Every structure is written in structure tokens, then in C-alpha cells.
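The stops below follow charged pairs.

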Amino acid sequence: MPHKSFKTSKPKSTITALPDLGMTEQDFIADFKRYYSHRLGRDENNTSPHYAYEALSMAISDRLIERWKRTFNTYKETDCKRAYYLSMEFLMGRTLSNAMLNLGITDAVEQAMYDLGLELEELVESEPDAGLGNGGLGRLAACFIDSCATLQLPVTGYGLRYEYGMFSQDIVNGEQVEKPDHWLRNGNVWEIERPEYTVRIKFGGRTESHIDEIGNKRTSWVDTQDILAVPYDTPVPGYRNDTVNTLRLWKAQATEEFNLQEFNAGDYAESVAAKNTAENITMVLYPNDANENGKELRLRQQYLLASASLQDVIGTWVGRHGNNFTEFAAKNTFQLNDTHPSIAVAELMRLLMDVHGLVWDEAWAITRKTMAYTNHTLLPEALERWSVNLFKQLLPRLMEIIFDINAHFLAEVSAHWPGDTGRLTRMSIIEEGNEQYVRMAYLAIVGSYSVNGVAALHSKLLQQGLFRDFYEFWPEKFNNKTNGVTPRRWLAACNPQLAELITETIGDGWLTDLSLLKKLEPYAEDKQFRQRWREIKQDAKQKLIDYKKHDHAVDFNVDAIFDVQVKRVHEYKRQLLNVLHVIHLYDRIKRGDTANWTDRCVLIGGKAAPGYYMAKKIIKLINNVAGVINSDPDVGRKLKLVFLPNYRVSAMEKICPGADLSEQISTAGKEASGTGNMKFMMNGALTIGTLDGANIEIREEVGDQNFFLFGLTEEQVEEMRRHYDPNAIISQDEDLIRVIRLLECGHFNQFEPGLFDDVLASIKSPFDPWMTAADFRSFIDAQKRVEAAYKDQENWIKMSILNCANSGKFSTDRTITDYNDEIWKLAPVSIKL
């Protein structure tokens, strides 16, 4: 048999691009069948919608990947300036419906599935929510990267690929029970593993210093325990513009899968110990940090995100420019989404100096020109603080760099305010005391060229309170970027009937320019338009009733006010104040005070952090009150209360179209912004709220007459705090006395004595930071105005239309445009076809 001859030179690639895939109904039918049969091995005997969902998702993913590759190549060819959004959370929700909407193929796909005997809605419902976030922070990040793609801005999202989400919430005997949220159980059809971009992450070890040949001090980080960060990429499509950006999520892996010698010796558990230890880092979103192991794991998560992402960006730069970083700051910018990724400031310094040979001044100049920091909280306890001892143990080289950054910074402060030791102590990145701590927010401020809040009041309070010293030192760094939400998901996708009416009335330009909703204002006076608006709202309420039946048999009256508060459960968000109002309404019914009554259905949902005792107690109270009210024949249809378990993005997509009243009732000065308020407003709900967060700007946009305002202002809260006497307030308010009495006598916990004593004590405490009793009367009076307004349905619908019409400011397209114009300064990039 003759020998084969082999060519010694590398063959020239003849791989050419395929023609674009079709977007017709028949194209989707053909690709669906191919994936369903040949890739997934299914046939007509399979009845699970999961495999049909996967086959359809693969077909649509192919279309995304075509555009994804073109986007990547266009960015590379144009050598454009890039931005990178680092966030511990990306609460993406479901991908299928959003991908279809942004590609403009929903109708074709729906018809294709119908022709195959499938219901598209059932397939959409088969997709699990991606467990990559907890609340507003992660949902905002998801909206932001959607808007970046829609605006054709070259922005990459960086996060962590958590194996388990925060948790799945069950309610058992009225109490929250946390269960694992294994959202990746069946894999993720939308992601692509990119092992070729794996990077190594260092932990532990020690440092060694030496002087190089030109006299510069150099430091090496040695004897480390390393892990690998493996990237998984998810496409992020813009709205019908062929741009598909990237969300890159890092998974932690061991440098070796297992120790073969240990395995052969029979120690099977030890043989995979390194693998398990490494993978723990990205196992769970926000490990409980009530103990030292939890704290260490959380710091490992934050460092993994920062180091892997920065190594990735720098690796790409070096691949094109070598170790010439002259233009790096002009071509790259990093946005830190809250304080969690702020360790990126020190890590960028380490990489530039220790790995790429820059000296301190060069590295610091680049860092200060590329880092930008967004703060999302006014609660000092929510700012990241890490023990110096933990830092030295886990990240010794980073700790050295932070000490050096602090020394240089304090020298600047001292030069500006000579002898002001009090200010030096307040502004130091290192907090002194019995134990030293690293103030991560301060590190972010010192290392960034921009620091922004997320609502006008929030930014003002940062400048006047939390970060006042820094604002006085660097006023030019501070700015405001009011949050928003994407109208594609939060109106067009979740409320298609309303979106269709809007498009029919004013055209479809609002999908990418939400300010055009202002054109709806005149139609508030059009009786026929109001009738159609009301019919769509009633239909959405009925769909919410049907959705709720999965968890509750409680019968909601579609004509009642749908009064909704869904958000993370926290004392400052004051779900407690909401339930006190419900108890007040119940008390009125039992006393026969029902003249001119307005029926009301109250829906509350949200998760409490596993270690948050009081928040979990409030969930229990809500459920106990609901149990009494919903089973009392005297109450009937007048009042219902439901706690919706396991609140998540896909649940909100059902809830916000059906809400009449949006409860945004946080203590003034505590909520940074809020975005749920914007979603409800966009879908025509009216807001009852305090002058807090973005509520202030919502009220400015829609007008006082279309917003139900109550409560103390931030200034009044601070003034009252000095002499707060809730017991005096209670004693002077007959309604509040009766509510407190019902709680004290155990009316809602007759078989669980003393259960709510701590809740009562918090209301009565002069040290209650949430001022619940102080705002009770104002809240009750505002709710009476709600009831009176709802009785005049014609005017209520007008107010609903005007809320939607004036929601244009609260699109993330506007927010991202502000970020780009004032912070990032990227040029939009049209994708080459």
C-alpha cells in the first residue's frame, strides 16, 4: 500500500463565511426540526416543552452568532475606544423572548411554532431565569448592556457565572425557606465557553522585592495558590441594528481537575479537594458573610471578577500593541458597578507594574484615567469594608499597593488641608481602630476619574454626606446619572398589547427614543383611546390573577385596585408600613367603617437575605395577616392580601402590566434610586411614594396631580431623628392605636405567642431609623386619596396614560447616553454587513 504524502507547509484556510441564515417562518421550521431531531435526539413522542425550547433557542442563537462575529470584527478593525462594565450581578431574566424581539422575528417564530403544533408562550415559560443577580443592581446592569448594544456602543459586560442563584424562595407556614436555585441544571444554550481565554488568578503566598537594572523597585508575588478563571460568553443583541455585544462571565476552576496520586492511594475526597475549593468561588451568588469563611469567599469572588476581567482586557491590548501602554487610557475605560469590583483599582496597578513593567507614576496615571465608579447606596453599612488582616492573608500584594495608594493620597490631602488630622483620618482608605479595615468605596473614589450617584437626590446626599470630604477635594469628579430601565423588555416584551396600541397611535420610534411617548399626552383626553387603554389594563390584571393562581387560591377581584409592592425585602423599603396599612383597612372593615369603600387587592413580593432576621420576620407577618384577612367572610372581596413567593424577573414581567398602584414607600434619604418604580410608571401604574430616590424625578416628570405623595422629606427625617418619640405619635393617632393593639394582642399569631414582639419593638423604638410610625398617618391619608381617585375611572385612566406618556426620561437609553457623553466618550460603531 503506497505511503501518503504529507505537505510540510501549513495549508491555506479555505473556510469562507456562509450566507446569512434566513429569517422566515420556513427557515425557523427547518432549523428547529434539525436541532430537535439531530442535535437533541427527540421526535414526536417527546412531550416535554424543554427540548422544544432548546431547539428553538439554538436556531435563534445561530442568527445572533452571525451578527456577534461581525460586531467583534468591526470593533477590531476600527480600533475603537472600548468600555467595560464590571458588575457582581447581571439579572438577565429569560433570553429567548428578548432575542426574538431585538432581532425582529417574534411573529415569524410564533407562526412557525404554531405550524409545528407548539405554543411559543409555553416554550418561553420553559426557560429558567438566569440566576446571576439579586435585585435592582443586577437588573440595572442587564438593562444597561441592552441599551449599550441598542445605541451601538462598544461595551463589554464582565461578571461571574454563578452555578446557583441567590436562592429559590418557598413560603412554608408563612416563613421564607431558602432552596438552591440551580439555574444551570440543564445547561445554558445561550452561552459559549471560551477556554482559550482562560486566565490564572493568584491567592495567598507572599511578596519579594528587588531593584531592577535601572534602579526601580520591583515586586513579585510568589508561592501563591492559583485557580483558573474560564470565560463563558453570552450574546447581547441591540434592537434591530445588527449589533451584538458580549457579556463575559467567569467560572472558577482548579488548575488541576484532581490529584491522581491521592485517587490511586484511595483518598478519593482529597483527590478532588482542590477542584471543589476552586469551584466554590463561583458556586453561589453572595455567600452568607456572617462568618469569616463567608467573608473570605466573598472577597475571593470580588478579586476573581476584577483580576480576570482586567487580565482579559490587558491581554487583548498587549496582543495588538505589545507593552506600549501610551494610548491605553485613551482607548479603554472601566465602569465599576457599585463598590464590589473596586479592588480593580489596585489590581490594575499590580498588572501594569508587576507584570508589564510600568513604574508607579505611569501606572497610577493610567488607572486614574480609566476607572469610573458608580455608587448605589446611602447606607454606610452596605459599603464594602475588608479586614486588613484578611487582605494580607488572601491578597498580600494588593494590600501593599493599597497602602501605597493611601500614602500618596493622604499626602495630596495634607498638601491641600495642612494640619487637618481629622480630615486625614476621615478620608483615609485605611480605617484605624482595634482592627484595621480597608474602605473599598474610598479606594474606588481615589482611583477613579468619575464618581456618580444614580438619582438626583442620591447624588446630592453623597456629596453632602457620605462622601462630603471627597466632594470638597474633587468636586469635578462627582456627577449624577439617574437610572432607567429598557423599554424593550419592560414595555414592548412584557406588555405587547399596550405596546401595540402605543405603536398604532404614535408610531414605533418610541422603542429606541422613549421621549416620543410624550406624544400620548393629548390622547388622555380621547374617550375612545381611554376605553382601549382600560381594556388592555383589565386584561393584564386578569393575566396577573391567572399567574398568581400557581401559588395562591385567593380570589382577586379584577375591578379592585391592584396595589403592588415587589422588591427586595428590607426595613428601609418599608414593607412593614404597607402591611400596617392593610391591617388598618381590615380594622375598618371589622368595625363596619366601609362607606364609600374601594375594593383593594394587595400583592407583596420579594426575598429577604438569609441572615436578615427582621426582614424574614416581616415576611412572616405579611403572610399571617394575609391568612386572617383572606379567610374572614366579613372581609370578602373588599380586601385581599397575597405574598407572591420567589419574586424574579419573569414574575415582574407578569406583574407590572397588571398593577394599578406602585408602592415606592422607602424612608426618605435611604433609597438610592429604585427602578421598579420606573417599570410600573412605564406600564401606566400610578405611584404612591415618598420624596426619595427617583420618585422625586418621576413626580417632576408626571406632575404633582398624578403622583400620590406622602411622608417626611429627607431633611425632616434628620430633624425628627433628634427627638423621635414614636410612642407619643402612636398615642395621638386612633387608627395607629388600633393597628398596634391588634398586633399586641396576637390577633395575627394566636397560636404563636410573642412572634411579632420584635416587630412591635422596632416600631416603638425611638431609635427606629426607618421612622415607620412617623409616616403612618401621612401614608393612610395618601391611600384615601388613592381610593377617591380610583372611583373616578375616567380620570384614573387619564392619570395612567399620563404616567406612561411622561416616562421617557427613565429609559436606560437616556441613562447610557448620559454615561457616554459625560464619562466614557465612546463613538457609536455601525456594524459592517
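**A tour of the salt bridges**

Begin with Arg637, which is partly exposed, with a relative accessible area of 48%. The model is a predicted one.

Asp555 and Arg637 form a salt bridge in which the closest N and O atoms are 4.0 Å apart. Asp555 has a relative accessibility of 48%, so it counts as partly exposed.

Move on to Arg588 and Asp593. Their side chains meet in a salt bridge, at 3.3 Å from N to O. Is Arg588 buried or exposed? Arg588 counts as buried, because its relative accessibility is 8% and the cut-off for buried is under 20%.

The following stop is Arg699 with Asp704. These two form a salt bridge, with 3.5 Å between the closest N and O atoms. Asp704 counts as partly exposed, at 48% relative accessibility.

Which residues are linked in a network of salt bridges? Select Asp587, Arg591, Asp733, Asp735, Arg738, Arg777 and Asp781 together: they are linked in such a network.

To finish, zoom out to the whole model, where the count of salt bridges comes to 67.

Methods. Residues are numbered from 1 along each chain as its sequence is written. This is a predicted model: local features need pLDDT of at least 70, side-chain atom pairs count only at pLDDT 80 or more; totals for chains, interfaces and linings use all residues. Side-chain values use heavy atoms; hydrogens and water are left out. Buried means under 20% relative accessible area, exposed over 50%, partly exposed in between (1.4 Å probe, protein chains only).
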